[in-house]
Amino acid sequence: MSHDAKSKKAKPTETKSLGAKSVGTNIQGSRLIEESFWERDVWGDADVSHQPDPNLTPESTQEPITIHEGSSDHQPDTNTPTNSPDLLVIGGGIVGTSAALFYKRAYPEQHVVLLERGGKPTGASTRNAGFACIGSISEHQADLQEASRELVLDRICHRYEGLKFLRNTLPDTEIGYEPCGGIEIFTDRDTFRACEAQIGEWNRELAARMGEREVYRVTTVNGMDAIENRVEGALHSGLMMKALHRRADEAGVETRWHHEVTHLSPGRVEVSQAERSQSERGQAEANRVVFTPSRILLATNGFTETLVGKLAGTQASATGIRPARGTVFVTRPIPNLPWRGTFHYHEGYVYFRNVGDRLVLGGARHIAKQDEETTEFGVHPGILTWLTQFADQVLQLPRGWQIEQQWSGIMGIAPQKEPIVRELQDRLWVAAGLSGMGVAIGMKLARDLVGLMGEPH
Ligand SMILES: Cc1cc2nc3c(=O)[nH]c(=O)nc-3n(C[C@H](O)[C@H](O)[C@H](O)COP(=O)(O)OP(=O)(O)OC[C@H]3O[C@@H](n4cnc5c(N)ncnc54)[C@H](O)[C@@H]3O)c2cc1C
């Protein structure tokens with residue numbers, strides 16, 4: 001799945017046009033809503049913008065500083081404790097929430113505020129397909145065309161260690177983790193043979209580094225050539241993020257939903273508090289709030305350049321992170337669903353898994369890569385058609401299957417797929433560009449970042 005990061009064209013042998021005719025598919029009536037299956041399942045009406053958040057600390061209920069439009073020179077009251085936290089984290093996905101949690105645990109006396117523009121995490125963390133994966137052989141082989149073998153091996157190990165760390169932090173039962181392994185399927189014999197020939201070497205190298213023997217082995221599934229990875233699994237992204245936010249609340253992190261950062265500079269962050277204002281006061285215009293934190297952490301992944309580009313003293317594209325939209329859908333329940341477990345196809349670009357009797361299928365960004373380099377949510381019709389044809393013609397879902405819900409998520413792709421974790425300007429840190437691997441590496445990266453930031457000043 002991290003192969004959403006690839007910049008080169010897909011191999012036609014593996015992803016040739018799947019044929020024009022869609023067999024027995026009905027996507028009419030499916031819900032095109034910008035909410036994922038995982039969000040609907042878990043966050044549902046818990047959109048905290050519409051009700052008081054019982055977890056907010058007393059300070060956070062005080063009136064915000066309202067600045068009228070055009071008064072950006074307004075100096076905030078820096079003595080207001082609520083709006084001058086020790087650490088202000090921007091972005092309530094897995095990275096921002098984990099960083100806030102670990103910082104607060106490390107320095108309990110510090111005031112840590114987490115700002116999220118949505119009423120729930122609204123980027124990639126609740127909108128992926130719930131794969132807990134370290135990558136398929138064809139993905140690793142493709143990565144070797146852009147990075148050294150050492151770097152690719154390091155990346156696999158980071159994903160492996162990251163998943164272990166995630167599961168140690170949040171118990172399997174809380175995140176719906178299933179140790180089902182992962183299976184890469186092939187429709188092209190030559191590609192399969194080429195990957196099969198590499199299994200031995202990858203297994204040797206990974207055994208030496210991860211201590212796991214025989215990670216990959218050849219298998220068949222539904223009559224197709226396949227390679228199994230026995231150390232992967234699946235989880236429920238909504239449950240995972242809910243559990244993580246619960247931990248942050250319990251640790252004393254003050255989360256402010258519907259707070260969208262509009263401008264930032266070291267020591268000063270401007271926020272638009274639109275939704276809360278609308279829902280609570282019936283006002284159409286947003287309140288503007290200014291924070292003057294001691295430290296800032298930008299954990300906005302695919303949206304990072306939007307903010308960093310406005311930062312004085314930085315070039316546009318200071319981090320080099322590009323947004324990349326990913327499309328996912330879930331079917332209605334399919335009796336006797338023939339695919340159970342987690343599956344990859346074509347260098348990780350395409351992925352599918354069962355959730356009960358439903359199939360979750362996503363990816364295929366490689367067929368419209370430029371279009372998908374966007375921070376706008378939305379489902380690309382060409383990609384949706386490709387995926388439905390894949391479901392019909394390759395997966396051979398029974399006639400009459402239907403899409404129940406479709407959604408998109410925005411990833412952040414860093415150069416060489418190496419996340420950007422550094423102090424961008426004085427006391428302004430960034431941890432972003434998870435490059436389609438944030439479920440696996442996001443929490444551990446955040447924990448390591450807290451170590452890197454060092455003691456509060
Ligand atoms: C379709 C899809 C499939 C994926 N598959 C996998 C996979 O198989 N394995 C894997 O490991 N990873 C996968 N990922 C990637 C993984 O989900 C991400 O890497 C990870 O969730 C990134 O976490 P994050 O916290 O950095 O970013 P996000 O989860 O995007 O969090 C950033 C947050 O910042 C908020 N924000 C943005 N701008 C502002 C602002 N101005 N003010 C306030 N808040 C703001 C957003 O609303 C968002 O909630 C996939 C992602 C997608 C979309």
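1. Which helices and strands each supply at least two residues of the shell around the ligand? In this predicted model, they are helix H3 (94-106), strand E10 (260-265), strand E14 (322-331), strand E18 (403-413) and helix H13 (438-453). The largest share, four residues, comes from H13.

2. The ligand is surrounded by 43 residues, of which the closest are Gly93, Gly123, Gly326, Gly409 and Gly438. Sorted by class, the shell holds 21 nonpolar and 18 polar residues, together with four charged ones.

3. On the placement of the ligand shell, residues are contributed both by domain 1 (1-32 + 323-413) and by domain 2 (39-65 + 79-125 + 238-320 + 417-453), so the shell lies between the two domains.

4. Helix H3, one of the elements that supply the shell, has 13 residues and reaches 18 Å from its first C-alpha to its last, close to the 18 Å expected at 1.5 Å a residue. H3 is mostly covered, with 11 of its 13 residues buried, among them Ile94, Leu101, Phe102, Tyr103 and Lys104. These buried residues of H3 pack against strands E2 (87-90), E3 (112-115), E13 (295-298) and E20 (428-432), as well as against helix H9 (237-251) and H13.

5. For helix H12 (residues 381-394), the 14 residues should span 20 Å at 1.5 Å a residue, and the end C-alpha atoms are 19 Å apart, which agrees. The buried residues of H12 are Ile383, Trp386, Leu387, Thr388, Phe390, Ala391 and Asp392, and what covers them includes E14, strand E16 (350-355) and strand E17 (358-363). H12 is followed by Gln396, which has a positive phi, near 50°.

Technical notes. Residues numbered from 1 in each chain as written. Predicted model: local features only at pLDDT ≥ 70, side-chain atom pairs only at ≥ 80, totals over all residues. Near = placed C-beta within 6 Å. Nonpolar A, V, L, I, M, F, W, Y, C, P; charged D, E, K, R; others polar. Domains from an automatic or database assignment. Expected span 1.5 Å × (residues − 1). Buried ≥ 20, exposed ≤ 12 C-beta atoms within 10 Å, placed from the backbone. Contact = placed C-beta atoms within 7 Å.
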